[in-house]
Amino acid sequence: MERSGIFDMSRRGVLAGSAATAAVTTMPRAAQAAPAPAEPATGHVSLTVNGERHDLTLDTRTTLLDALREHLQLTGTKKGCDHGQCGACTVIVDGRRINSCLSLAVMHDGDEVTTIEGLGTPDKLHPMQAAFVKHDGYQCGYCTPGQICSAVATLGEIADDVPSHVTQDLTAKARLTNDELRERMSGNICRCGAYSNIVEAITEVAGEKA
Amino acid sequence: MKFDTPATTNPIDRMTVVGRPTPRIDGKYKTTGTAPYAYERHDVNADPAYGYMLGAAIAKGTIRSIDTSEAEAAPGVRAIVTYKNSGPIAVGRFNTAKLLGGPEIEHYHQAVAIVVADTFEQARAAARLIRVDYARAEGQYDLAQAKASATMPKGNADVQHGDFATAYAAAPVTLDETYTTPDQSHAMMEPMASTAVWDGDELILYTSNQMIDWGRGDVAKTLGIPKEKVRLVSPYIGGGFGGKLFVRAEAILAALGSRAAKRPVKIALARPEIFNNTTHRPATIQRIRIGATKDGKITATAHEAWSGNLPGGDPEGATSQSKLFYAGANRSIAERLATLDLPEGNAMRAPGEAAGLMALEIAMDEMAEKLGMDPVEFRAINDTQVDPMKPERPFSQRHFVECLRTGAAKFGWSRRNARPGAVRDGQWLTGLGMAGAFRNNIVLDSGARVRLDRAGRAIVETDMTDIGTGSYTIIAQTAAEMLGLPLDQVDVRLGDSAFPVSAGSGGQFGANCSTAGVYAACVKLREAIAAKAGLDPAAAEFADGHVAVGNRKVPLAGLADAGDLIGEDTIEFGDLDKRYQQSTFGAHFVEVGVNAFTGEARIRRMLAVCDAGRILNPVSARSQVIGAMTMGAGAALTEELVVDKRFGFFANHDLAQYEVMVHADIPHQEVIFLDGADPISSPMKAKGVGELGICGIAAAVANAIYNATGVRVRDYPITLDKYLDRLPVA
């Protein structure tokens with residue numbers, strides 16, 4: 001594999017030297033061979049979001065997350081990293097939770113999407129939302145919709161016997177333990193550090209279901 | 001209202017609303033995704049253009065040329081702003097580096113351009129088409145190397161009290177160790193984000209900022225426009241931790257981009273840009289020397305700390321607590337600051353103490369072991385009720401020993417085996433560790449306006465912010481208590497520079513100061529209400545939605561028929577913080593398991609006992625403490641911005657590589673608040689609690705790992721590569 005200039009430079013530990021510097025950040029003009037700027041490719045997609053069908057024509061680069069937030073103005077789903085690292089964008093697609101930032105909207109034609117807005121409203125909270133309020137399972141609120149969507153789907157996964165990294169016996173019925181919840185929820189970062197309260201909220205909801 | 005004598009009995013002491021465990025009044029919005037954050041203001045801007053930042057690809061040097069022609073021709077692009085067409089960009093009062101760089105570049109990922117386009121995807125794609133030719137200059141990126149060139153920073157004069165050298169030389173038991181803490185990132189969940197709207201020469205910024213009035217001033221200063229022409233609106237903030245104390249690049253870029261594109265523009269920093277574009281907690285090197293008598297009385301303390309920053313920046317201040325925390329007649333304290341060309345270092349949750357206690361509280365553990373004393377006992381016998389260097393200046397309150405004793409009893413500390421590496425649980429080495437917590441209580445003036453409407457509802461307006469701290473709720477509790485209203489009869493509006501200037505959110509001063517400001521405004525409103533009801537304001541009692549004197553009882557509903565009754569005031573703090581040392585205290589206890597074969601460390605139990613004055617809302621105060629404990633656990637175990645010392649940037653600049661704690665890392669946490677009301681801090685008798693929890697906790701984890709393994713690691717984070725080869729043989 002051919003190495004790019006920056007690797008050559010760092011390998012030699014060259015710090016100064018303006019000629020080399022220029023090579024790092026400026027491609028030779030000829031090498032760019034810039035074609036005339038093309039209008040973005042678009043695609044048509046039909047999404048059913050929280051039970052409501054939307055027909056959208058979108059830039060094919062638009063993520064499911066941005067389709068929800070910018071095009072449908074459903075901003076309850078949050079953009080924390082846009083790289084699948086934090087979980088703030090978690091939504092439920094056809095019953096499974098996904099990071100909506102890692103998925104292009106046009107890949108979801110015909111899909112059923114549930115977002116935080118589809119779970120409950122301020123006047124009619126979903127039991128998981130109510131439990132988060134009761135147990136103070138949040139602080140700044142920015143990871144919260146993702147945590148709640150993830151929590152709702154997690155209970156579904158346990159009910160469906162989907163194993164996790166910490167499941168000891170793959171043939172036994174999946175159990176709802178503290179370790180299982182913490183493992184399954186670890187894709188949802190809460191920098192305010194409400195984890196202890198979040199797990200209590202989920203446990204309470206799970207207990208009511210059981 | 002002046003606050004220059006200790007508070008006496010006042011309506012808050014009724015504690016019918018204040019002090020009761022109260023779910024957040026904004027909870028139903030946060031949990032349903034209906035709380036609007038800065039990038040989500042479709043309600044006020046239906047069709048904004050999208051901004052995208054381009055960050056500098058070098059750490060230090062100059063831009064020789066910048067070619068935006070290809071980007072300008074890209075689909076959807078409405079404007080590109082660089083230093084060439086931005087007009088003058090000043091450095092804000094609270095900033096060290098410029099928020100739009102060029103031609104000089106001061107740090108890696110310093111903003112060099114904003115691209116404005118019709119869609120996010122177009123703006124992002126076009127930003128990649130900007131061609132920048134940099135001339136790289138040599139920089140200094142290595143604190144250890146720069147240490148020798150560090151100097152005494154302005155405002156941080158060396159402290160010499162007594163005769164440290166002689167006392168240390170004479171002490172029968174001594175410690176002399178050096179500890180390091182790495183650069184850390186706030187990593188709040190909501191990226192820095194702003195939506196800018198110009199109305200003629202007036203700018204409205206919907207933004208995510210902890211300190212509205214500071215921000216308003218600095219936006220104006222940076223752009224060279226009058227402060228009166230700037231409005232900041234920041235009702236919901238997706239975490240800050242100090243990272244949003246100050247105006248950041250995206251706010252200025254939004255304003256510039258919007259002015260150029262003649263459209264409202266919104267922009268959020270992309271996550272991989274945040275770590276180098278914004279501020280961070282600077283790394284430290286700390287040398288600590290302690291001398292003590294054989295029975296454990298500290299006679300000599302020296303704490304020297306080195307940190308680095310851009311020219312004009314401040315030191316981390318890791319020696320701060322060492323002036324006040326423990327007794328001892330002889331003391332030597334020195335801060336040293338080196339010039340580093342890394343991104344700007346600035347405040348992160350408990351600046352100074354968080355890093356300082358990471359070192360000091362390991363040193364205390366080591367000292368206790370040398371003395372053959374229990375670490376709880378060693379701390380307890382070195383308690384002081386006065387400023388150790390000014391004995392005539394007492395602590396307003398200090399229940400540190402009670403924190404230690406309560407925590408030890410509750411945690412089962414007596415079951416700890418003092419011999420390290422001696423306790424096994426299957427394949428796990430287990431250990432207990434503890435540390436003291438200390439953080440000062442800062443008081444800042446804070447204003448509010450409270451209105452009573454004709455329906456008898458109270459509306460509180462202040463530019464105070466809620467960054468997850470629970471401000472909405474404690475402010476509502478305060479107004480409800482003062483006016484004798486149920487909580488649901490109070491509306492709270494925050495984070496708008498159109499409202500009275502508050503203390504803001506930072507330095508754990510927000511809760512006490514902002515509620516004290518609401519208290520002051522409510523005192524004024526109570527006078528207005530009593531006057532309107534024809535009652536003697538001095539004798540009026542407020543309860544159950546009524547104002548009463550004796551048998552005369554008038555409902556608040558209907559009193560404001562002719563127009564809202566208004567009380568507006570600012571709490572102005574006198575010199576009680578000079579006459580008394582106001583601080584908060586705590587004790588952390590931690591149990592860890594370290595896998596004897598793999599070295600994997602897991603936290604099993606955590607307990608904090610806190611002494612922080614009156615607790616206004618035990619629900620949100622507890623959350624502040626467990627959240628800070630969680631962040632401190634990260635500081636102990638994983639968090640480190642890795643410096644590329646050749647190219648001068650933080651290499652692990654995303655949430656995959658900068659590892660913060662996740663669910664699996666954090667067990668059930670317990671917090672105990674000692675009863676207390678501190679009449680010297682404010683009429684609320686509360687003190688800060690939001691940062692206390694991160695103070696000392698990392699050292700408690702470190703001490704627990706030592707107790708489990710017998711390996712003392714003095715360089716954070718304590719990752720297994722630092723002890724795996726020295727674990728006890730099974």
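In this predicted model, the contact between the two chains takes 63 residues from chain B and 63 residues from chain A, where a contact requires that the C-beta atoms, placed from the backbone, lie within 7 Å. On the side of chain B that touches chain A, at least two residues each are supplied by α1 (27–30), α3 (120–127), β7 (131–136) and α15 (618–637) of chain B. Of these elements, α15(B) provides the largest share of that side, namely 8 residues. Sorted by class, the side of chain B that touches chain A holds 31 nonpolar, 18 polar and 14 charged residues.

Within chain B, the domain assignment gives two domains, each described by two stretches of sequence: domain 1 takes 2–35 together with 443–575, while domain 2 takes 390–441 together with 582–726. The C-alpha centres of domain 1 of chain B and domain 2 of chain B are 34 Å apart, and the contact that joins these domains draws 26 residues from domain 1 of chain B and 23 residues from domain 2 of chain B.

Turning to the side of domain 1 of chain B that touches domain 2 of chain B, one finds that α12 (471–483) and α13 (510–532) of chain B each contribute at least two residues, and that α13(B) gives the most, with 6 residues. The residues on this side of domain 1 of chain B divide into 15 nonpolar, 10 polar and 1 charged.

Note on methods
Residues are numbered from 1 along each chain as its sequence is written. Chains are lettered from A and ligands numbered from 1 in the order in which they are written. This is a predicted model: local features need pLDDT of at least 70, side-chain atom pairs count only at pLDDT 80 or more; totals for chains, interfaces and linings use all residues. Domain bounds come from an automatic or database domain assignment. Helices (H or I, at least four residues) and strands (E, at least two) are DSSP runs, numbered from the N terminus. Ala, Val, Leu, Ile, Met, Phe, Trp, Tyr, Cys and Pro count as nonpolar, Asp, Glu, Lys and Arg as charged, and the others, Gly among them, as polar.
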